[in-house]
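Hello,

Here is the structure I promised to pass on to you. Have a look at it first, and then read on for what turned up when I went through it.

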There are 2 protein chains.
Amino acid sequence: MVAIRIGKLYGIGVGPGDPELLTLKAFRLLQSAPVVAYQSANDRDSIARSIVAPYLTGNQIEVCFHFPRALDPEAANQLYSDAIRPIVAHLAAGRDVVVLCCGDPLFYGSFMYLFTRLADRFETEIVPGVCSPMAAAAAIGTPLCYQNDIFSILSATLPTERLKAQLINADAVGIIKLRRHFEKVRQILGDLDLLSRAKYIERATAIDQKIIPIESVNPHDVPYFSMILVPSQTQF
Amino acid sequence: MVAIRIGKLYGIGVGPGDPELLTLKAFRLLQSAPVVAYQSANDRDSIARSIVAPYLTGNQIEVCFHFPRALDPEAANQLYSDAIRPIVAHLAAGRDVVVLCCGDPLFYGSFMYLFTRLADRFETEIVPGVCSPMAAAAAIGTPLCYQNDIFSILSATLPTERLKAQLINADAVGIIKLRRHFEKVRQILGDLDLLSRAKYIERATAIDQKIIPIESVNPHDVPYFSMILVPSQTQF
């Protein structure tokens, strides 16, 4: 009888954009993995892959997957299962697979679609990464939250009244998923007299990072990897 | 005339506990800095220093500083200024200083006491780090927040009614600064029917990490580096 070794699944955070913000552990696992997988829409390059490009060894199998949008949950489930089939095949054949995740794998990341489908079938290890709110604060050079502050991550897609209530109740916030919701958020910040505290940044720590005064942002040109921070005012 | 070079101040996140969770950038700066500074109470070892101990070169100047507690803000200000005087002296003498920060420097860290006093006088660069909520989720193996979730960091020191309101309004939370407030938080989670979702962890990713079922935690033995996560229930 021959024992068949099943591959191990790694979800590794590659950080916010600067390739030097990979952890030593992510770097080690990336370089030793036979298979490297990442998400990418068909017509675009993978951002996660571009972050680690300097470190790829050149003799690794690369797997590109994509989670198409589907409004019907059942259809989505089928599409997602199809999308990760090549990863399952590598794991079943005994090859470890490193899945690259922008920022941190378990923090608003698409890795969770894999995790919920595979972690009960294959040994899985998560390597946490530097997430974008911390990267944004570092790049802007502003302390984010202190002491007993309440810090919240809000999605710009939330309804106006929900966003307002959360902004009033927190001491510091990061607002993500801005894109076509940017102007709504800017208006809300204005209504709450928070505009002077708010900082806008695109692609924090990446080579094409931009910090733009919030009043100068073109609401029709807000990329997915953008964020507004409202840092704490707690004094000490 | 001789131009005098002034040293540069680096605040580097050393991550949550596992030395391999330093970023490549933090590792490079740490090894090249002539002066390494860290906070430590007089009678205890520095946790940040212990995380990077494997990487210290052995011929670096080490500066240990401590921010004593003071109830009077003016007295505190004087004590903090005194505490960082050795760092100022190194910077003024042209030596770069790397300040070690557990987790991320700008996320509930004591680095902010230095930042607010020194960043206007010396060139300052922040290197973001892996923060403890992401490390805790990775260690426990639970997705934390997805899609349009509201994620909040709450301090266990907050009043009961404030904690309850925040727990009701968020989709996922991390509760920090538990220590002597643990039992209060456990009661609140019970009142809100959240105990079955809550996960307790001490020193996530460190060599002495402990994951304990929340009902089994001894409330008299809760360390500072502990956390409760209530992960999102969003389905996808």
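**What I found**

Chain A contains eight helices and ten strands. Please keep in mind that this is a predicted model.

Let me start with the overall form of chain A. Its C-alpha atoms fill a box of roughly 70 × 40 × 35 Å along the principal axes. The radius of gyration is 20 Å, which agrees with the value near 18 Å that a compact globule of 236 residues would have. Of those 236 residues, 48% count as buried. Among contacts in chain A between residues at least 6 apart in sequence, 71% join residues at least 24 apart.

Next, strand 4 of chain A, which covers residues 97-101. Five of its five residues are buried, so this strand is largely enclosed by the rest of the structure. Both of its faces are covered: A:V97, A:V99 and A:C101 are buried on one side, and A:V98 and A:L100 on the other. What does strand 4 of chain A pair with? Strand 1 (residues 9-13) of chain A runs parallel to strand 4, with five bridges between them, and here A:Y10 has A:V98 as its bridge partner. Strand 2 (residues 35-39) of chain A also pairs with strand 4 in the parallel sense, over three bridges. In that pairing, A:V36 stands opposite A:V98.

For the sheet as a whole, I turned to chain B. There, five strands form an open sheet with parallel pairing, in the order 3-2-4-1-5. Strand 3 (61-65) and strand 5 of chain B stand at the edges with a single partner strand each, so one side of each has no neighbour in the sheet. From one strand to the next, the twist averages 20 degrees.

Which residues touch the most other members of the largest nonpolar core? That core has 152 residues, and the answer is B:I12, B:V98 and B:V99. Leaving out residues up to four places away in sequence, B:V99 touches B:L9, B:Y10, B:G11, B:I12, B:A37, B:F111 and B:L114.

Finally, the interface. Here 42 residues of chain A are in contact with 42 residues of chain B. On the chain A side, the elements that give two or more residues are helix 1 (24-32), helix 5 (111-118), strand 5 (124-127), helix 6 (132-140), strand 6 (151-155) and helix 7 (160-169). Strand 6 of chain A gives the most, with five residues. By type, the chain A side divides into 30 nonpolar, nine polar and three charged residues. Strand 6 of chain A is also joined to strand 6 (residues 151-155) of chain B by three bridges, and the two run antiparallel. Within strand 6 of chain B, B:F151 stands opposite A:I153.

Best wishes

Definitions and conventions:
Residues are numbered from 1 along each chain as its sequence is written. Chains are lettered from A and ligands numbered from 1 in the order in which they are written. This is a predicted model: local features need pLDDT of at least 70, side-chain atom pairs count only at pLDDT 80 or more; totals for chains, interfaces and linings use all residues. Helices (H or I, at least four residues) and strands (E, at least two) are DSSP runs, numbered from the N terminus. The radius of gyration is taken over C-alpha atoms; the globule rule is 2.2 Å times the number of residues to the power 0.38. A residue is buried if 20 or more other C-beta atoms lie within 10 Å of its own, exposed if 12 or fewer, and partly exposed in between; C-beta atoms are placed from the backbone. Two residues are in contact if their C-beta atoms, placed from the backbone, lie within 7 Å. Ala, Val, Leu, Ile, Met, Phe, Trp, Tyr, Cys and Pro count as nonpolar, Asp, Glu, Lys and Arg as charged, and the others, Gly among them, as polar. Two strands pair if DSSP finds at least two bridges between them. A nonpolar core is a set of buried Ala, Val, Leu, Ile, Met, Phe, Trp, Tyr and Cys residues joined through C-beta atoms within 7 Å. Axes are lines fitted to C-alpha atoms, for helices over the stretch in contact, and angles run from 0 to 180 degrees between N-to-C directions.
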